[in-house]
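Please look through the model shown here together with its sequence. The paragraphs after it are meant to be read with both in view.

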Amino acid sequence: MTDASKGTAGTTPTVIGRRTVLIATGATAASLAVTAAPEALTAEAADPAPVAATAAAVCTLTKEMTEGPYYLDGQLVRADISEDKTGIPLQLTLTVVDDSTCAPLNSALVEIWHCDALGEYSGFVGNNGHDEPDNGTFLRGGVLTGPDGVARITSVYPGWYRGRCVHIHVKVHTDVTLTDDGSFTGGQELHTGQLFFDETITTRVAALAVYAANTVPRTTLAQDSIYDDGGVASGLLTLTALGSSPSAGYAGTLTLGVEG
């Protein structure tokens, strides 16, 4: 789906050519794994600050991934998308950077959407065989990055639906206009991708009662038709436990970068 096909209204978007997207680990631009000329490495050793402005830095690019069938336009701009859905906590820290400089991208809207513990998407409840209330908004939304390029979003660990491993969909937009109803419009869509979860951790989460109630067989990361085993370069989150047991939840981090 392109922005032209959406026909969104708003301020005239800045003209931006088609972007190629990179994904690398880390919570800040400084933590990117980059390849640099020897002079750049020397400068980094002397003073970490110039790294973001070093023209010699080269970041690893990766392909975008399918939007999938469950995207809905006009979702809310909010930091907590969990609403009243049951599931273990998930705290996402997603950093957006410009790959030509590795500098953080300010005021980019990072939007995510995913299914609940029963594998159902808001707006499409019933497609995974479970009956539950559908308000069209749960587990959907996004936030603007700050000057550090960071977007922090609170949700719950996703479940799964038939034929797909556990994942989250993500888009990055720039130059959006915030609307009075708490949503956004216009702008330029820079990236469409997906975020993935370590299979060992997902296996532990899937054993918890709220997830085990999902009656659909689970597709593993290795069996998934979209994930290409590219690790963080293909959207694999770095997960950190929030407590001593899976029920306490996880923090997930990833850096998303766009080619300027």
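Predicted model: local features only at pLDDT ≥ 70, side-chain atom pairs only at ≥ 80, totals over all residues.

Residues are numbered from 1 along each chain as its sequence is written, and side-chain values use heavy atoms, with hydrogens and water left out.

The largest nonpolar core has 32 residues, and those with the most contacts inside it are Leu94, Ile112, Tyr157, Phe197 and Leu237. A nonpolar core is here a set of buried Ala, Val, Leu, Ile, Met, Phe, Trp, Tyr and Cys residues joined through side-chain atoms within 4.5 Å, where buried means under 20% relative accessible area, exposed over 50% and partly exposed in between (1.4 Å probe, protein chains only). At least two residues of this core come from each of β4 (89-98), β6 (109-113), β8 (150-156), β9 (167-174), β12 (188-196), α3 (199-206) and β14 (250-258); β4 gives the most, with four residues. These elements are DSSP runs numbered from the N terminus, helices being H or I of at least four residues and strands E of at least two. Not counting residues up to four places away in sequence, Leu237 touches Leu92, Leu94, Leu195, Phe196, Phe197, Gly252, Thr253 and Leu254, contact meaning heavy atoms within 4.5 Å.

In α3, the buried residues are Ile201, Thr202, Val205 and Ala206. Seen down the helix axis, they fall within an arc of 135°, so they line one face of α3; the arc is that of the directions from the helix axis to the C-beta atoms. An α-helix has 3.6 residues a turn, so residues three or four places apart point the same way. At the start of α3, a side-chain oxygen of Asp198 comes within 3.0 Å of the backbone nitrogen of Thr200.

Two serines sit in loops elsewhere. Ser122, in the loop between β6 and β7 (140-144), is buried at 0% relative accessibility, and its side chain meets that of Arg140 in a polar contact of 2.8 Å (a pair of N or O atoms within 3.5 Å; within protein, one must be able to donate a hydrogen and the other to accept it, and residues adjacent in sequence count only if both atoms are side-chain atoms). Ser183, in the loop between β10 (177-178) and β11 (184-185), is buried with a relative accessible area of 4%, and its side chain reaches the backbone oxygen of Gln75 at 2.8 Å.

Turning to cysteines, Cys102 is buried at 2% relative accessible area and Cys115 at 1%. The structure holds zero disulfides, a disulfide being a pair of cysteine sulfur atoms within 2.5 Å.
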